[in-house]
Amino acid sequence: MRRISPWSTPALVVSAVLITFVITAGPILVAGANPIEAYVAFVVLPLTSQFTLLEVLVTSTPIMLTGAAVAIAFRAGYWNIGAEGQLLLGAIAAAGIGTLVGGIPPILALPIMVAGGAIAGAAWAIVPALLRVRFGIDEVVTTLLLNPVALLLVNGLLHGPWRDPVTGFPESPRIAATAEFPTLVERSRLHLGFLLALVVIAAAWYVLARTPAGLRLRATGLSPHGARFAGINVGATILGAALVSGAIAGIAGVSEVAGIQNRLTGGLSPGYGYTGIVVAMLGTLAMPGVAVAAIFLGDLTVGASSAARSLGIPSQLGAVTQGVLLLTTVALLAVRRHRARRTDGADAGPGGAVDSAAEVAT
Amino acid sequence: MTFLVDLLAATLRNATPLVYGTVGETYAERSGVLNLGIEGTMYAGAFTGFAVAWVTGSPLAGLLAAIMVGILAGAIMALMTVTFGANQHVSGIGLTIGLIGLSEFANRLIFQGGELQRIQPMPTVNPLAGAGLLGGIFDQYGLTWVAFLVVVPAAWWVLQRSSFGLEIRAVGENPEAADAAGVDVARTRYLALIIGGALMAIGGAFFTLALLGSFTLDIIAGRGWVCVALVIFGRWRIGRGVIGALLFSLIFSLQFRLRILPEFAALPFEVLLALPYLVIIGALALSGRNVAYPGAYLKPYRRS
Amino acid sequence: MTDSAPALELRGITKRFGDLVANDGIDLDVRGGEVHALLGENGAGKTTVMRIAYGLAHADAGEILVQGRPITVRSPRDAIRAGLGMVTQHFALVRPMSVAENLALGRARGLALDLAEAARRAAQASERFGIRVDPSRRVADLSVGEQQRVEILKALSRDCRVLILDEPTAVLVPAEVDSLFGTLRALVADGLAVVFISHKLAEVRAISDRVTVLRRGKLAGTVPGSTDERELARLMVGRPTFGVARPSDGPVEAATPVLAISGLHATGAGGLPALTDVALEVAAGEIVGIAGVSGNGQTELVEVLAGMRRPTSGSVRVGGEEVAGGDPQRMMRAGIGRIPEDRHASLIGDLSVAYNLVLERLDDFRRGGRIDEASIRRHAHELIERFDIRARPDDPVASLSGGNIQKVLLARVLSRDPRVIVVAQPTRGLDVGATEYVRSQLLERRAAGAAILLVSEDLDELLALADRLVVFYEGRVVGAMPRADVDVERLSMLMAGRGAAA
């Protein structure tokens with residue numbers, strides 16, 4: 001009632017994108033390209049052919065999953081920055097299980113693999129979550145530190161027991177044919193993982209917006225003290241959110257192994273876990289927003305890699321854009337919140353600027 | 001004996017970037033701002049230092065350029081968290097992603113992804129060269145000497161004994177009180193973040209300008225996050241943080257040497273490489289329980 | 001002195017928060033050598049106007065003059081330079097630091113930090129005004145009264161000519177109030193101007209030379225300090241006194257207590273003992289008031305009863321059932337309704353009014369696996385109507401005024417018909433209308449047979465509502481008496497920890 005014109009969330013996100021484009025015009029000019037031309041190549045061109053459009057969806061699949069994973073954790077006030085490591089653990093599990101399920105029909109093999117990846121992701125998430133809930137140890141640092149450890153685990157496996165015995169390459173053996181995700185469209189790479197991501201988004205949306213558990217999770221994230229006072233088991237809620245988050249990130253790893261690589265490789269994830277943070281924030285932590293943001297970033301990524309070839313702009317510009325997008329989004333959210341806040345009203349917790357955006361968007 | 005001397009020398013060497021990073025992060029956090037941009041700031045420092053040294057042929061010019069980048073990174077973090085009051089976790093991660101992206105973007109433009117370029121690294125200085133075997137411990141880079149003999153004592157003195165340090169601690173603990181006493185909260189936090197950023201960038205530049213003489217992708221490999229952990233481990237004290245950095249570095253240097261022993265040949269070296277990270281998580285689990293964070297940690301300050 | 005320009009003059013200060021006008025064209029002049037009281041109810045705008053003068057808030061319109069010269073105050077730094085000093089209600093001290101460090105803060109000249117100089121200035125000021133504090137001690141270890149003295153010293157050591165004190169007596173026991181008043185008299189005798197913000201009529205009359213009264217953000221008038229209490233009250237609230245009070249029906253029968261606490265021990269935030277061997281009982285249809293200066297264990301008692309703090313030992317029985325150490329769910333199931341002093345933290349500001357009203361009992365509002373939005377909304381409409389909450393179901397709680405936030409909390413608790421109600425500072429910061437409403441609701445519950453434990457630092461509130469008073473001092477029960485036997489002087493002595501001497 002006294003919120004002073006909260007700019008609508010879509011308008012805010014579009015503004016963040018536009019401001020980002022203004023800022024990233026700098027590096028594009030340095031690379032010797034025309035920014036307008038570059039943005040057409042980044043955003044519009046990938047949507048103009050069926051092949052590239054499907055590639056956009058392929059690229060958006062893992063980050064839609066990690067985005068959902070991050071958003072759920074952030075909504076609970078749990079700063080899981082470890083989606084990268086959790087994804088890698090899911091990938092390890094998928095690569096391991098995938099070679100063992102050769103004799104089993106896909107209808108069984110695929111769920112086993114997905115479940116295995118989810119459990120592996122959750123397992124990687126459980127130590128930081130328990131340390132936070134039981135001893136109050138900051139999860140940001142522990143989840144972050146486990147990311148390089150997960151990568152070392154992948155490389156250790158690839159240089160050790162899982163090294164390809166024939167070629168000697170650091171790649172695990174190919175998973176069984178029955179363990180591969182089927183493609184959804186002929187002659188494209190779009191695979192079952194994309195559908196899986198949409199299902200996860202829909203399920204997460206339903207739980208967050210429509211169930212008591214979801215309301216408890218949101219309440220916990222907005223005000224742990226207020227939630228505890230209202231009788232919500234805050235520790236269990238955070239633990240649950242952390243494990244679900246890890247599980248979804250693990251599924252992203254399964255999806256990459258079973259849908260794209262068909263084996264474990266060292267370069268499996270070019271930072272999908274961190275991109276998940278960008279996706280989650282750009283989607284203002286609301287599930288429909290996460291889906292849209294993932295597809296948009298998929299679009300940018302496909303566009304950036306083709307622009308690298310056609311315009312000579314290094315594809316690393318994609319990462320620059322992601323970083324700047326994250327900064328502009330969170331800055332605009334903060335400015336909006338300060339505008340809207342009644343001066344004598346309750347001050348939100350540190351996560352407030354983020355979480356209440358999600359409340360507006362839900 | 002040589003093993004021990006080598007190990008201690010390596011410990012000091014490998015601790016150097018962590019010392020710069022930890023002191024820099026301590027300044028940021030004592031002023032009330034968690035700077036997760038540290039990983040990206042170290043990365044950008046490493047790249048900029050290398051690129052400028054490569055172009056100019058002067059490691060010193062590279063170092064100065066790295067410092068400038070660190071100052072800029074700290075200022076951006078301050079703009080986000082102090083001026084806009086944006087969420088600190090997300091701002092820091094955004095800064096890290098952006099700076100790593102920008103470094104790799106520039107790396108691509110300048111070096112075209114060609115073969116690895118090298119520079120003449122900074123030389124080591126050993127005032128105790130004649131002191132026999134033990135003197136080997138002190139065969140260190142200039143930046144290592146500066147870290148332990150200048151930066152650490154000066155950073156400690158400024159934080160604990162100067163009026164500026166008092167202001168940093170006050171705005172990190174109770175910004176309302178500092179404001180009411182006439183301290184400019186925003187200015188103090190900007191300065192703390194800028195000083196911190198400069199130190200982090202020097203830490204990153206140490207890898208390319210001294211230790212390796214070259215720039216490779218993923219060169220920081222999570223050491224920025226290690227510094228964030230060391231700050232908590234050190235309970236926001238410079239001295240304890242440095243001790244943490246030395247312990248981490250000791251384990252890191254030890255595993256490096258264990259790898260070549262026949263007893264560990266069967267073990268993939270990645271397992272040993274992961275050891276220091278696991279040790280620091282363990283150390284946090286034991287020593288980080290219910291520690292007292294700075295009172296205004298993560299909180300933006302704004303007058304009504 | 002008197003014919004020169006005022007030490008501090010405010011002209012037409014106006015400040016809006018959204019559509020609330022906190023200050024509407026306030027004029028005020030304070031002369032050197034006088035204690036000038038700023039009197040008004042909670043929310044009348046007293047604090048806001050002085051925070052503006054001190055640079056902690058910014059006015060939308062108006063002028064500030066010091067010694068007749070207009071000044072621009074962008075921050076406290078400007079105010080300090082102009083000779084203003086302010087002791088805010090929540091002390092602006094950095095608790096983990098020493099007194100000397102706090103005194104030195106903000107006085108930077110280059111990098112050097114001269115703690116000895118700070119200590120010397122402190123000693124000088126102590127000598128001149130008789131304020132004693134050891135500069136080497138840590139602020140967190142000082143008593144509230146000592147911290148206040150540090151705050152005053154801090155202002156004086158910067159040569160302030162106008163000292164603003166915001167509700168300085170709220171945290172003090174009567175003896176400390178006397179010593180504070182002694183200090184203030186010494187200061188004005190030295191030519192300083194003192195602005196004394198308060199809502200307590202007796203104190204204002206005791207200390208001030210002149211009184212400026214604010215009512216709902218507007219200037220109600222400036223009158224001499226000798227003006228009688230009835231007239232001050234009339235200016236302050238627009239009518240003589242509060243209308244709500246406990247009906248003077250006979251003493252409650254010695255029914256079996258609904259809430260029975262015995263041998264209760266608990267530690268506070270710092271791990272120090274906060275409650276020691278507390279025993280008290282509340283019967284059905286009875287209001288038991290807890291009197292005491294803040295910080296004497298009341299907060300911890302409420303937290304234990306709310307399920308937010310685990311006692312170290314002791315018994316809490318509700319209707320004979322042992323609930324000590326229970327979590328919030330357990331306490332609610334036992335029939336305890338909880339309204340703590342921090343009402344913002346007890347609700348979730350960014351969630352809607354409707355959700356906040358059902359958050360304690362989500363399981364009653366589910367259909368299958370999902371939440372029943374329709375019945376949550378119906379429930380919200382019902383309670384909004386019944387408790388006269390000025391809000392729509394979808395409004396985030398944080399967007400409501402203090403009074404309406406309290407009504408949301410009240411509605412959430414009372415709609416469940418609790419047998420026991422634990423309520424702390426129920427009317428702090430509320431306007432007259434909301435205060436009367438909250439008090440009448442509590443009395444209605446009393447009439448309906450609820451056992452009510454009322455914690456309040458407002459003695460008038462306790463005297464108006466409670467059937468019996470229990471006095472807390474340093475975490476112990478140091479006295480208990482029926483309302484009818486209350487002797488305010490003896491009560492004050494007990495609150496100050498002088499029970500034995502009396």
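**Close-up views of a predicted model**

**View 1. Strands S4 and S5 of chain C pair side by side.** Strand S4 (residues 61-66) of chain C and S5(C) run antiparallel and are joined by three bridges. The model shown here and in every view below is predicted. At one of these positions, C:Val66 has C:Arg69 of S5(C) as its bridge partner. Strands of a sheet pair through backbone hydrogen bonds, in either a parallel or an antiparallel sense.

**View 2. Four strands of chain C make an open sheet.** The strand order is S2-S1-S4-S5, and the pairing is antiparallel. Strand S2 (20-30) and strand S5 (69-71) of chain C are the edge strands, each pairing on one side only. From one strand to the next, the twist averages 30 degrees. Helix H1 (residues 46-53) of chain C lies across strand S1 (8-17), S2 and S4 of that chain. The helix runs at about 115 degrees to S1(C).

**View 3. C:Ala53 and its contacts.** Neighbours within four places in sequence are left aside here. Beyond them, C:Ala53 is in contact with C:Leu8, C:Leu10, C:Ile64, C:Val73, C:Ala79, C:Leu84 and C:Ile164. C:Ala53 is also one of three residues that touch the most other members of the largest nonpolar core, along with A:Ala68 and A:Val290.

**View 4. Strands S3, S9 and S10 of chain C.** S3(C) pairs with S9(C) in the parallel sense, over four bridges. C:Ala37 stands opposite C:Val211 of S9(C). S9(C) pairs with S10(C) in the antiparallel sense, over six bridges. These two strands form a hairpin with two residues between them. In the turn, C:Arg216 has a positive phi of about 45 degrees. C:Arg215 has C:Lys218 in S10(C) as its bridge partner.

**View 5. The buried side of helix H8 in chain C.** Helix H8 (residues 229-237) of chain C has C:Leu232, C:Leu235 and C:Met236 buried. They sit on the same side of H8(C) because they cover an arc of only 100 degrees around the axis. Their cover includes strand S3 (35-39), helix H7 (201-207), strand S9 (210-215) and strand S10 (218-224) of chain C. Just after H8(C) comes C:Gly238, with a positive phi of about 85 degrees.

View 6. A:Ala68 lies in helix H3 (residues 50-75) of chain A. The residue counts as buried because it has 31 C-beta neighbours inside 10 Å, and 20 or more are needed for that. Its contacts, leaving aside neighbours within four places in sequence, are A:Val200, A:Ile201, A:Ala204, A:Ile248, A:Met287 and A:Val290. A:Trp205 is 137 residues away from A:Ala68 in sequence, but their C-alpha atoms are 9.4 Å apart in space. The largest nonpolar core has 397 residues. Its largest share, 17 residues, comes from helix H8 (residues 185-212) of chain B. In soluble globular proteins, nonpolar side chains tend to be buried together.

**View 7. Chain A meets chain B.** Here 46 residues of chain A are in contact with 45 residues of chain B.

Key: Residues are numbered from 1 along each chain as its sequence is written. Chains are lettered from A and ligands numbered from 1 in the order in which they are written. This is a predicted model: local features need pLDDT of at least 70, side-chain atom pairs count only at pLDDT 80 or more; totals for chains, interfaces and linings use all residues. A residue is buried if 20 or more other C-beta atoms lie within 10 Å of its own, exposed if 12 or fewer, and partly exposed in between; C-beta atoms are placed from the backbone. Two residues are in contact if their C-beta atoms, placed from the backbone, lie within 7 Å. The arc is that of the directions from the helix axis to the C-beta atoms. Two strands pair if DSSP finds at least two bridges between them. Axes are lines fitted to C-alpha atoms, for helices over the stretch in contact, and angles run from 0 to 180 degrees between N-to-C directions. A nonpolar core is a set of buried Ala, Val, Leu, Ile, Met, Phe, Trp, Tyr and Cys residues joined through C-beta atoms within 7 Å.
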